[in-house]
Structures are given as structure tokens and as C-alpha cells.
Amino acid sequence: MQYHFNTIEAKWQKYWAENQTFKASNTSDKPKYYVLDMFPYPSGAGLHVGHPLGYIASDIYARYKRHKGFNVLHPQGYDSFGLPAEQYAIQTGQHPAVTTETNIKTYRRQLDQIGFSFDWSREVRTSSPEYYKWTQWIFIQLFESWYCRHGDKAFPITELVKVFQAEGNAAVDAVCDDSVEEFTAAEWNLFSEKEKEEILLKYRLTYLAETEVNWCPALGTVLANDEIVNGVSERGGHPVVRKKMTQWSMRISAYAERLLQGLNTIDWTDSLKESQRNWIGKSVGASVTFNVKDLEQVIDVFTTRPDTIFGVSFMTLAPEHDLVQKITTPEQKAEVDAYILATAKRSERDRMADVKTISGAFTGAYAEHPFSKEPIPIWIGDYVLAGYGTGAVMSVPCGDQRDYDFAKHFNISIPNIFEGVDISEEAYASKDNVKIANSNFLNGLNYKKATKLAIYELEKLGQGKGKTNYRLRDAVFSRQRYWGEPFPVYYVNGMPQMIGKEHLPITLPDVEKYLPTETGEPPLGRANVWAWDTNTNTVVNNDKIDNITIHPLELNTMPGWAGSSWYFFSYMEEKAKRGEDFASKDALNYWENVDLYIGGSEHATGHLLYSRFWVKFLKDRGFVGVEEPFKKLINQGMILGTSAFVYREDGTNTYFSQGLIEDKKVFPIHVKVQYVNASDELDIVGLKKDGEFGEDFKDAEFLLEDGVYKVGREVEKMSKSKYNVVNPDAICEQYGADSLRLYEMFLGPLEQAKPWNTSGITGVHGFLKKLWKLYIGENGLNVTNVAPTKDNLKTLHKTIKKVEEDIENFSFNTSVSTFMIAVNEFTAQKCTSKEVLEPLLVLISPYAPHIAEELYSQLGNVGSISTADFPKFEASHLVESSKNYPISFNGKMRFTLELPMDLSKDEIEKAVMSHEKTMAQLDGRTPKKVIVVPGKIVNIVG
């Protein structure tokens with residue numbers, strides 16, 4: 001009876017679907033365990049073999065936890081809003097919803113065929129109106145909230161209004177815009193409604209503001225920092241410039257300290273926590289105000305080194321700083337404007353990373369030193385960012401290398417304020433073991449004392465105070481796209497108003513094209529029906545806007561991270577039971593948060609930070625009961641592709657085989673790996689017939705070596721653009737899903753990157769055949785009720801011990817080796833005992849569930865193996881009851897003798913000396929001495 005893996009896998013996938021084997025319960029008496037993958041964006045290319053790596057790992061752990069008696073929630077869904085579907089819509093005119101639905105069907109088929117134990121009754125799609133209704137609702141809650149520093153949490157905005165009505169804002173300690181002015185209760189009550197709304201907008205946790213953004217003209221949208229790579233858009237490689245736009249923003253900065261402290265409560269890797277700490281960027285120092293000479297303007301800066309204030313020899317503003325145009329002199333205007341234009345073409349990341357290029361422009365203006373009253377030249381430089389701190393720095397070249405290099409380059413003075421320190425070659429950045437000099441009242445003080453005194457004197461002048469600063473900036477929340485969540489916002493007299501919960505969702509309108517309008521508005525500006533009627537509470541035609549009862553709707557859509565910031569809560573409720581809330585209180589209280597989250601490290605400062613922010617906010621407002629979304633997080637490594645190259649001679653259509661390219665001017669060109677065999681030989685005929693780019697090679701001449709064309713090879717990221725993608729469909733067809741699952745785990749540690757090699761899968765496929773033969777022979781089932789031998793039990797229990805340790809430590813690669821050893825040992829032992837072979841199947845089932853299900857069924861079991869108890873390890877089976885002693889004479893081993901392990905030294909000697917082989921060796925002689933080491937050796941001397 002052969003191992004027909006395709007038939008077996010189809011059978012059990014059908015069984016799982018029909019019986020809802022992996023459906024979780026919200027009312028189970030079992031302990032809960034929530035396992036989650038970062039859900040995929042359903043691209044048109046479908047899955048390649050690199051995508052399932054994390055899914056297989058999480059599936060192994062989910063199945064293991066079920067065996068251990070847990071009620072496991074292991075859901076899946078789709079992060080289905082995204083730029084690729086919109087770009088395809090722009091090119092073809094096909095609605096992104098149609099494209100997305102087609103892609104989801106492909107993903108679902110591929111995920112099912114790999115045998116994942118997902119609970120599909122809880123599927124989530126971020127582009128579904130039923131889902132994004134609640135994304136819109138959360139946005140409204142953020143809009144209707146403010147952050148109280150004293151209470152260190154968010155509260156309803158209605159409570160803030162009551163304070164304003166009774167007391168004004170003088171005593172309010174809130175996270176708000178810097179431009180908020182103080183007012184009394186009487187003044188508040190006299191403000192117009194619009195004035196009140198404008199003030200409240202400066203306190204709300206989501207707000208409208210003019211913001212510096214990354215604008216990509218080719219894509220017609222704003223991009224987040226993590227959507228830009230090397231100064232161009234990650235999608236398409238288009239140029240990105242900085243510009244100011246009125247955007248919705250999220251006041252994530254209010255949560256900076258809690259986001260930092262929360263890292264101490266979760267089980268994440270140190271490197272991932274450090275990424276978030278660096279992104280949040282906490283600094284303790286002082287704010288300092290410099291007056292601009294001859295102008296009614298001030299420059300506020302934040303510094304971590306107020307002790308160095310007498311070392312300031314120039315100020316540097318970000319080129320985008322609001323003050324630049326106000327203070328630049330007519331003589332410097334042309335130079336400053338040219339510099340600003342050049343800077344706008346560089347992303348913030350480029351500017352932060354580029355420490356070699358020194359550039360800047362003098363504004364012609366001067367600031368006044370708060371203590372010495374000396375004039376300080378004001379420059380602009382692209383190493384200062386408008387969005388970090390105040391967008392201005394007090395430049396102390398003797399204590400900061402970038403300031404030092406800038407000063408040297410532009411011949412600005414570098415006063416030395418450090419006692420006994422040589423700064424002729426470089427800045428001195430250390431705080432330790434140095435005293436301040438040439439600094440008036442700070443002379444002779446160390447860092448701590450000078451800092452404290454400098455802040456005290458600044459506060460006396462009214463030009464500074466102690467302050468904690470964070471690098472974390474408020475998150476821009478608007479995108480100029482079509483395919484995203486519409487904002488539940490309409491405008492009355494230019495002020496945003498929220499649409500009531502009972503009228504959600506506000507769904508995307510139909511548009512003629514998916515491009516921005518000719519006047520530069522986002523794609524929603526093309527909709528004919530996109531206005532809000534406050535009488536009927538419905539969306540109506542734009543031509544009816546009268547600013548009395550019918551008002552314009554927001555034209556931007558939400559960013560990709562909106563739907564992914566809370567989707568893990570939606571999974572807690574079955575789709576059929578989702579109704580009046582995004583999840584019921586009972587469901588939220590039962591599942592709480594995610595116990596194990598697996599996904600890529602590229603989300604460290606995007607999705608993972610935003611979702612932590614949203615959860616803390618929802619906790620503040622009483623909508624959820626947890627402070628953190630993910631208890632434990634593991635970043636899986638990347639499966640790399642092995643690319644194939646042909647080598648074209650410069651200026652010709654001739655391609656040289658890899659062994660012939662020495663001393664020739666050739667250019668490597670990627671070719672599809674499916675035309676290359678395991679010996680790196682190219683199928684030239686197949687390549688020339690390829691429907692996608694066969695025309696490029698139709699008339700090419702391929703110069704061979706030894707009758708074949710050998711390609712070059714290079715390990716790279718697996719990507720469609722590099723033609724090195726391996727489709728899991730073909731692997732499942734040829735080797736089976738269980739082989740794919742085992743091989744991906746066998747490649748190496750989960751967290752590390754590793755190259756894919758299709759030829760390597762034959763090893764694990766051969767193992768599964770051997771496993772099958774252990775249970776099923778030519779005449780049927782080999783398994784009997786015979787009692788297991790000691791060796792059988794030893795093999796089983798050392799396997800239980802190792803596999804359990806491996807799964808708990810996420811060392812899945814070593815488990816696969818353990819299974820191979822166990823099957824080899826059982827085969828050598830000619831084991832047929834059901835008492836050991838049935839538990840072996842439970843151990844293997846998380847990794848290779850289809851074959852385990854089939855063999856478990858063949859053993860006479862009813863139902864799924866997924867409900868079977870995980871075998872219990874018994875250490876007694878690994879304790880040796882006897883020892884095979886080597887018996888030596890004068891150091892030379894002559895024979896072995898098996899003796900019980902519990903014999904004493906004297907009993908071992910007596911048993912050896914009375915043995916017939918010993919007597920034959922001695923031949924009547926009396927030995928000089930007998931050396932006995934219990935459990936090891938016996939040596940007879942003389």
C-alpha cells in the first residue's frame with residue numbers, strides 16, 4: 001500500500017473544513033491560547049514558498065497547544081486595502097475590490113492546500129465595509145478624546161469642555177498643540193462655535209494640521225517613512241519630496257512614555273524592543289528660548305546639554321522651519337530658497353543617514369545669546385529635521401561632531417568650553433570626567449551640576465526650563481488614495497464633523513478614474529455622490545452642497561496601518577456574531593490579547609507601534625481590558641531565493657555560459673529559475689518560448705560549455721522581479737504539503753534567513769515515505785498490540801522529551817532531525833507496537849498533519865488526531881537498568897559483560913572474576929589488582 005500523499009492531503013483538508021475541526025470556542029473551560037500571524041496583503045502573484053514560513057511555525061505551535069489541552073484561537077484574514085490593487089486599477093480601470101476578491105480566492109486556496117489549522121469562521125478583511133465600520137468608529141473615538149498628563153490617560157473631550165466652561169484652560173495639563181493660548185472660562189463661553197472647535201482640535205487625539213509630509217507625485221499620495229527606501233517609494237521606486245499639506249494626524253506622541261514602559265512587560269526580542277526605544281527616542285534636557293535680534297521672533301530649541309550653552313556659536317534651523325522665510329534677509333533669500341528646494345527632494349531618512357555631506361545656507365539673521373547677549377548667526381541645514389523636537393538646534397561645535405564639521409566647513413568659530421580638552425581635530429562629546437570652562441557662572445562644574453544650574457538660571461530669565469523630549473512624532477493619518485477606509489467626516493464651514501455611529505459604515509463611492517483630479521484633489525474628488533446630508537443622514541450628490549444641510553465629505557482615505565491596528569480584537573468574535581460592537585465584552589474578556597504573534601521584523605516601527613498605541617487608547621476609554629496587544633512576538637527570518645543569471649556580451653545578443661565569461665565584458669540578466677535544473681543547466685528552448693519575456697531571447701545566441709549553458713547563481717531576496725520565486729502549488733503537487741511544511745522548518749532556525757533549494761526537499765519527502773512504511777506494509781497495517789520493548793520505549797520517550805523542548809523553544813528545525821532519528825531507530829528495532837507508534841504520530845502531527853491524521857485513522861481511531869493528548873514524557877525509560885562493561889586485561893579490552901547498574905563495586909568485581917571468560921584469560925594466575933569504576937570500566941592488572 002503506497003503513500004499517495006495528494007489523495008491523503010485532499011481527504012483530510014476536506015474533513016477539517018466539513019467538521020470545522022479548528023473552530024475555537026468563546027466559552028470553553030479549557031485554558032485559552034491565542035496564536036496569530038501577521039495577516040497577509042493578498043497580492044496578485046499569490047504566495048511563494050517564502051511566505052508560509054511563519055504560518056507553518058505558528059501552526060505547529062497552535063496544534064501543539066491543542067494537544068496540550070488548550071482552547072486555541074488561530075485565525076486568519078487579509079490586510080486587503082493597499083496600493084498595489086489601486087495601481088492595477090489605475091492601469092486597467094478594474095475596481096480594486098474585484099482584483100482583491102480574485103487575489104483572496106488564490107490565497108485561500110493556497111493556504112488551505114498547505115494544511116493550516118485556521119479558524120476561518122472568524123476571517124477578517126480590512127476592505128470589507130462590515131469591518132472598516134469599526135475602524136471608522138475607532139477614529140471617531142480618537143477624535144472625541146484628549147490626553148490628560150495628570151491622569152496619564154485619554155478622556156472624553158466632553159470632560160475637557162466642562163473644564164473650559166468652568167475654569168478655562170490655565171490649569172489643564174494636556175498633550176496639545178504648542179500654539180494653544182491661555183483663556184479664562186468667561187472668554188471660552190464668549191467664543192463662537194467655530195472658535196471653540198478650532199481650540200478643541202488642538203487637543204483632540206486625532207486632528208487636522210498642516211504637516212511636512214513625504215509626497216510622491218508619481219503615486220499621487222503621501223507615504224509613511226517606512227514606505228520609502230533609499231529616497232524613493234518602496235512601491236515602484238518613484239521620487240519622493242517633502243511638502244506641507246493639511247492632513248489628519250494621530251497624537252501618538254501623547255503615549256510615548258507608556259509605549260516605552262510597556263516594552264518592559266512583554267516578551268519580545270531585545271533587538272525589536274531596542275528598535276522601538278530608538279524610534280520613540282526619549283531625551284532628558286531643557287528647552288531654551290533664543291530671541292531673534294531686531295525682530296519680534298523667538299527660536300525655541302531642545303537640548304540634552306544645557307551645560308554647554310556658552311559653547312553655542314551658531315543656530316541651525318531645519319530648511320522647512322516656519323521662521324526661515326520670516327527671518328531671512330533680502331541679500332540671502334536667493335541662496336536660502338535654492339537650498340530649501342534642493343532639500344525638499346531628499347527624504348528624512350536620507351538626511352538622517354547621510355553624515356558625510358555637509359551643506360547649509362546662512363539666513364543673514366542673528367539670535368541673541370540668553371546670558372552673554374552676544375549675536376549668534378542663524379543658519380539652515382538639512383541635518384536638522386522640522387518634525388523632530390522644535391526643528392531648531394543650538395549648535396555647540398566643540399561638543400557635537402556634526403556641529404563641529406558644519407562649523408569647520410563654513411568657517412564658523414568653535415569656542416572651547418571644556419577644561420583641559422583638545423578640540424583641534426574633533427569635538428568632545430563625552431559628559432564624563434570633564435569640567436566646564438569659559439562659561440561664566442558654570443566654570444569649574446561637572447556635567448550634572450552645570451546642567452542643573454544652567455536650567456535654574458534659564459528659568460529665572462524666563463528663557464528656558466527642564467524638559468523631557470521624545471523623537472516620536474505624531475503620525476500622519478491621511479492618504480491621497482482611493483483604496484482605503486473613507487473618513488467618517490464631513491465639513492461645516494471648514495470644520496470637521498463626525499458622522500454618527502448609527503450611520504456607519506461610510507462606504508467608498510464609485511469613481512470614473514482612480515487618479516487624483518486635474519486640480520490635485522485625491523481620487524474621491526472624482527465621485528459624483530460624495531456629500532453628507534445632515535437632514536437624511538445619507539451620502540448625496542456633490543452638486544447639492546449648500547453648506548446649510550448638505551456638506552462636503554473628506555476626500556482623503558486612511559493609511560494601510562489603520563485596519564491592522566486593531567484586527568486582532570475582531571478575530572475574538574465569529575463573523576456571524578459580530579454586530580453592535582467590534583467584539584463582545586465576553587469575547588474580549590475571554591481572549592484578552594494575543595499570546596503568540598509571529599511576523600516579519602520590518603513592522604517593528606510601523607504596525608507594531610501603531611497597534612500598541614491604539615490598544616492603550618482603547619484601554620483608556622474602557623473599550624478593551626488590556627494595555628498591550630501581543631504578549632510574545634517572534635520575527636521569522638526570510639527564505640531567500642537562488643537567482644539564475646545569463647551573461648550577455650556588451651553590444652551584442654550573444655550570451656556566454658558562466659564558465660566562459662572570464663575576461664569578457666558581459667552583463668548578468670535574471671532568468672526564471674523554472675528553466676534551470678539542479679545542475680544549473682539552462683533550458684534554452686523553454687526560455688525562448690516563455691510567454692512573458694521569451695521575445696527578448698528569441699534571436700539570442702547562447703554559447704555553451706560542454707554542450708550545455710550553465711547559468712550563474714546568487715542568493716537574493718525571493719521576489720517576482722528577480723524571477724527566483726518558487727510557487728508552493730508546484731511543491732505541494734510534486735511532494736505534498738507535509739513535505740513542504742517539514743522542509744521549511746528543516747532549513748534552519750526560525751529567526752534566521754536561509755536560502756531555498758528545491759532539490760533539498762527530496763530528503764524530507766523520503767523521510768515521510770519511510771514513516772509510512774513503518775506503519776503500512778505491502779499487505780496492509782504493520783502495527784500490532786504487542787508490548788513495546790525497552791528500546792522501543794527509550795526511543796519514544798527521548799523523542800517526546802526533545803520534541804517538546806524544541807516546540808517550547810521554537811527550535812522547529814531540530815525536531816525534524818529528531819523525527820528522522822526516531823523512525824530510523826524504530827525501523828531498525830522492527831517495532832510494531834501500537835503503544836509507542838500511536839504516540840509518535842501525535843508528536844509528528846503538528847509538523848506533518850495530513851500523514852499523521854491518515855495513519856492515526858488507520859490505527860482504528862475515530863475523529864481527528866488534533867484532539868489527542870500530547871504524550872507524557874517518563875524519564876524512567878531513559879534510565880539505563882544495565883551497563884555493558886568493557887572488561888580489560890592490562891589495559892586491553894578482551895570482552896564485554898552486561899551487568900545491572902545498581903551493583904556495588906564489590907559485586908561487580910565478584911561477577912567479573914567468576915565469569916568463565918575471565919578465568920580463561922587468567923589461566924590460573926592471580927591478578928595483582930582489579931580496577932572497577934562503576935558504570936564505566938573494569939581493568940584486571942597482572
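The legends below walk through a predicted model, from the whole chain to a set of close-up views.

Residues are numbered from 1 along each chain as its sequence is written. Because the model is predicted, local features need pLDDT of at least 70 and side-chain atom pairs count only at pLDDT 80 or more, while totals for chains, interfaces and linings use all residues; side-chain values use heavy atoms, with hydrogens and water left out.

**Figure 1. The whole chain, for orientation.** The chain holds 29 helices and 36 strands (DSSP runs numbered from the N terminus: helices are H or I with at least four residues, strands are E with at least two). Its C-alpha trace spans about 115 × 75 × 75 Å along the principal axes. Of the 942 residues, 53% are buried (buried is under 20% relative accessible area, exposed over 50%, partly exposed in between, with a 1.4 Å probe and protein chains only). The accessible surface comes to about 42,100 Å², and 49% of that belongs to carbon and sulfur atoms (Shrake-Rupley method, 1.4 Å probe; for residues, only the protein chains shown count as cover). Among contacts between residues at least 6 apart in sequence, 70% join residues at least 24 apart (a contact means heavy atoms within 4.5 Å).

**Figure 2. Ile-280 and its surroundings.** Ile-280 sits in helix α10, residues 270-280. Its relative accessibility is 0%, so Ile-280 counts as buried. Leaving aside neighbours within four places in sequence, Ile-280 is in contact with Ala-256, Leu-259, Leu-260, Tyr-470, Arg-471, Leu-472 and Leu-609. For a sense of scale, 47 Å separates the C-alpha atoms of Ile-280 and Ala-852, which are 572 residues apart along the chain.

Figure 3. Strand β18 (residues 489-492) pairs with β19 in the antiparallel sense over 4 bridges (two strands pair if DSSP finds at least two bridges between them). Look for Val-489, whose bridge partner in β19 is Met-498. The hairpin has 2 residues between the strands, and Asn-493 takes a positive phi near 55 degrees. In a regular strand the side chains alternate between the two faces of the sheet. In β19 (residues 495-498), Met-495 and Gln-497 are buried on one side, and Pro-496 and Met-498 are buried on the other.

**Figure 4. Helix α8 under cover.** Which residues of helix α8 (residues 193-201) are buried? They include Lys-196, Ile-199, Leu-200 and Leu-201. The cover over the buried residues of α8 includes α5 (129-143), α6 (157-167), α7 (185-190), β5 (206-216) and β19.

**Figure 5. Thr-100 in helix α4.** Thr-100 belongs to helix α4, residues 96-113. With a relative accessible area of 3%, Thr-100 is buried. Not counting residues up to four places away in sequence, Thr-100 touches Pro-42, Ser-80, Ala-85, Ser-127 and Trp-483.

Figure 6. Side chains of opposite charge can pair when their charged atoms come close. The structure has 42 salt bridges (a side-chain nitrogen of Lys or Arg within 4 Å of a carboxyl oxygen of Asp or Glu). Arg-122 and Asp-119 meet at 3.0 Å, N to O, and both are buried. Lys-616 and Glu-628 have their closest N and O atoms 2.8 Å apart. This pair links distant parts of the chain, with Lys-616 in helix α19 (residues 607-620) and Glu-628 12 residues apart from it, in the loop between α19 and β24 (630-635). Both Lys-616 and Glu-628 are buried. Elsewhere, Glu-838 and Lys-834 meet at 3.9 Å, N to O; both lie in helix α26 (residues 834-844), 4 residues apart, about one turn of the helix. Lys-834 counts as partly exposed because its relative accessibility is 27%.

Figure 7. The largest nonpolar core has 93 residues, of which Trp-248, Phe-477, Tyr-567, Phe-569, Phe-582 and Trp-614 touch the most other members (a nonpolar core is a set of buried Ala, Val, Leu, Ile, Met, Phe, Trp, Tyr and Cys residues joined through side-chain atoms within 4.5 Å). Helix α5 gives the most to this core, with 9 residues. Apart from it lies another core of 84 residues, among them Ile-8, Val-783, Phe-812 and Tyr-847.
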